[in-house]
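Please read these notes with the model open beside them.

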Amino acid sequence: MPRTIFNLPARTWLAGKMALLLLLCSFFVPSSIHAAEESEYYQLEAIPLPKDVTLEIGALEFLPHGKIAVSTRRGEIWFADGVEGADVSKTTWKRFAEGLHEVLGLAWKDNALYATQRGELSRLRDTNNDGVADQFETVNDSWHINGDYHEYAFGSKFDKEGNIWVVLCLTGSFSSEVKFRGWCLRIGPDGVAIPTCSGIRSPGGIGFNAQGDVFYTDNQGPWNGTCALKHLPPGKFVGHPGGNKWYEQAPNMGAKPQEPQSGSRFMTEAAKIPEYEPAAILFPYQKMGQSASGIACDTTQGKFGPFQEQLFVGDQTHSTVMRCFLEKIDGHYQGACFPFRAGTGSGSLALQFGPLGDLFVGGTNRGWGSRGPKPFALDRIHWTGKTPFEILKMEAQSDGFLLTFTKPVDASSASNPESYQMTSYTYIYQASYGSPEVDHAQQKIVRAELNADRTKVKLTIENLQPGSVHELHAEGVKSESGENLLHKEAYYTLNRVPGQSAEAGK
């Protein structure tokens, strides 16, 4: 979750002050691409909100009858009708529930709305069909809270087996003072909690890819050098050891994993700790944002443009949406992130695709701050039907990367190695707060080879650095019709090189 800049514990005062300084400075850093340029391809439209309501949005869920459920950090749930219409000014709102505790997850099933509150998973029903919830049931409350401001709980939609996955922030985002803080739990159809992963620090969202695998976003802090997208394979430890004291309460998980060595590197520790699953994608700090949040997978079958089955991830502080391409190498996810859309009205937190193929972004900035100036907002991102010239995919090869573009490229520019620049770096895996970029290296691009239809370019790299982010700038590449790339940057987290040992790292 984005780092709170008020009410910091005394022990984090200095770290908080530095974070605040960076946060304030970031508001005045312009995006690499202006939102106006992006709007030619993806229009952003603000949905009118109910008057005199503090709608600090925490979660979104579309309902079978076309309405959208919107939860708030202040414990209300509202239903909106008309958000997918041609004229969103006709949107109408009705409050469905109130008196809840910071709802950061919504899921609909069997005519009931499931709400992940700070302290429990609840089931809400409207039994007399008057549009207001009148039945509230506790489905599960196996995790604990103690009043700390940072003990967020983010809940998923239902998975294929009927489970809801809940990721639980640490106490104060540093330690685990009460049961299962710093864990992921699965809540089954029978309401029983299954401890699933340890190592959570400060989640900002949770969601599924097109194959049904579960991912969450974690944020920069102790044991997290930068924000990241992380896979949640059952039984794994995903980075922060603060909650590992609860292994005694999770016999299905086996023995507590070995403590990571502070000051090491992610893949170095992965080679030593079998249970450790490093981040699939690291979001370079400030370059891609600084408070990774909600996750939505494009399963619209082309209604949202050329990015089918890719993940879209919010950044709360920068008020943006990022795009992520994932692939599996040696059975583990890794991949690339790209800028996608800037300019949401508030801090992007909750993301959800609608039935007609638009992406909805719920925002809030209280206590966290955001480039988006509004205290809260609901935005709709609509594909205009015009395809941008973009790097569609960046796939790892044994000796470089294979780039796929959304349009055929100009052969002269795309086959020139000087059209590309690449550097690599990583972050320190440490108990201290965050990390600077370290282990910088210049990556020499020795060849750029086009395929027959000029939609793919194979970049041969002289000295790939496993365990590092590979930052690509394709400034010189043009499309067949002379267009520049809308976004020229790509950041690939190369945990493993295809065909090489998984024991990569510094």
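In which strand does S71 lie?

1. S71 belongs to strand 3, residues 68-72 (strands are DSSP runs of E, at least two residues, numbered from the N terminus). This is a predicted model, in which local features need pLDDT of at least 70 and side-chain atom pairs pLDDT 80 or more, while totals for chains, interfaces and linings use all residues. Residues are numbered from 1 along each chain as its sequence is written, and side-chain values use heavy atoms, without hydrogens and water.

2. S71 counts as buried because its relative accessibility is 0% (buried means under 20% relative accessible area, with a 1.4 Å probe and protein chains only). Leaving out residues up to four places away in sequence, S71 touches E56, I57, G58, A59, E76, I77, V103 and L106 (contact: heavy atoms within 4.5 Å). At 3.0 Å, the S71 side chain reaches the backbone nitrogen of A59.

3. The largest pocket holds about 800 Å³ of space. Its lining has 37 residues, with K157, F208, I295, A296 and Q352 nearest the centre. Strands 2 (57-62), 6 (106-109), 10 (153-158), 14 (203-208), 18 (292-297) and 22 (348-353) each give two or more residues to this lining. By class, the lining residues are 19 nonpolar, 14 polar and four charged.

4. The domain assignment gives domain 1 (36-383) and domain 2 (391-494). Their centres, taken over C-alpha atoms, are 29 Å apart. In domain 1, 45 residues are in contact with 33 residues of domain 2.

Technical notes
Helix = DSSP H or I, 4+ residues; strand = E, 2+ residues; numbered from the N terminus. Buried < 20%, exposed > 50% of the residue type's maximum accessible area, 1.4 Å probe, protein only. Polar contact = N/O pair within 3.5 Å; in protein donor to acceptor, adjacent residues only side chain to side chain. 1 Å grid on protein atoms, 1.4 Å probe; cavity = no way out; pocket = protein on both sides within 12 Å on 5 of 7 lines; lining within 4 Å. Points joined across faces, edges and corners; volume = space filled by probe spheres on them. Nonpolar A, V, L, I, M, F, W, Y, C, P; charged D, E, K, R; others polar. Domains from an automatic or database assignment.
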